[in-house]
Amino acid sequence: MLVDIVPVGSVSAEVKRAASTALRSVYDCEVSITDSQSIPSGAYDDGRNQYSAEAFIQLAERAGRGEKNIAITPHDLFYRRRNYVFGLAYLDGSGSVVSTYRLQTSSDGGFSNKSAADIFQDRVRKEIVHEIGHTYGLEHCDNNRCVMNFSPTVREVDIKEENLCGSCQRLIS
Ligand SMILES: [Zn+2]
Ligand SMILES: [Zn+2]
């Protein structure tokens, strides 16, 4: 299984590295990274001042060479009526996307023993593992420590772990 990371816009080397390490460790897959892509035309909504997550998924499917392809972008994404999304994927699809835009914000979760940079990287890893989980057919999990738990705020992202819980793990193996 090859997962291809498709950077869209200016994505730092640290973010790319965090994403590929997390994917390798959780899914035991191969990971490659494409050249940086420009923002898909028509993705920007000037009423919302945000970008369509679905347009980024389609770009990941076009530009990626993997069985699974995940776009990573610093731009703020929306999906339907939700004010923002950290990422989006279709169940059992081949494309997905994660935005780092809102993962930089501080949380009141009290993780003062970690640097802001470490907390940010942890969030990136979790959201990447989460979206790829959907492409493997995993739905949201009630276990708030499981990476497949629905986490609409960074606080919930910080609480969950980078790994699949036992039940989710069994569903994909
Ligand atoms: Zn989800
Ligand atoms: Zn789970």
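Axes here are lines fitted to C-alpha atoms, for helices over the stretch in contact, and angles run from 0 to 180 degrees between N-to-C directions. The model is predicted, so local features need pLDDT of at least 70 and side-chain atom pairs count only at pLDDT 80 or more, while totals for chains, interfaces and linings use all residues. Residues are numbered from 1 along each chain as its sequence is written.

Helix α1 (residues 13-27) packs against α3 at an angle of about 50 degrees, the two axes lying 9 Å apart. That makes α1 oblique to α3, a class left over once angles under 35 degrees are counted as roughly parallel, over 145 as roughly antiparallel and 65 to 115 as roughly perpendicular. The contact of α1 with α3 involves 11 nonpolar, 1 polar and 2 charged residues, where Ala, Val, Leu, Ile, Met, Phe, Trp, Tyr, Cys and Pro count as nonpolar, Asp, Glu, Lys and Arg as charged, and the others, Gly among them, as polar.

Glu131 is found in helix α3, and the UniProt annotation "active site", from an unreviewed entry, covers Glu131; such annotations may be inferred rather than shown by experiment. Thr153 has its place in the loop between α3 (116-135) and α4 (154-159). The table sets out the burial of both residues, with 20 or more other C-beta atoms within 10 Å meaning buried, 12 or fewer exposed, and in between partly exposed.

| Residue | Other C-beta atoms within 10 Å | Class |
|---|---|---|
| Glu131 | 24 atoms | buried |
| Thr153 | 14 atoms | partly exposed |

Thr153 and Val124 are 29 residues apart in sequence and, C-alpha to C-alpha, 13 Å apart in space.

How values were computed:
Chains are lettered from A and ligands numbered from 1 in the order in which they are written. Helices (H or I, at least four residues) and strands (E, at least two) are DSSP runs, numbered from the N terminus.
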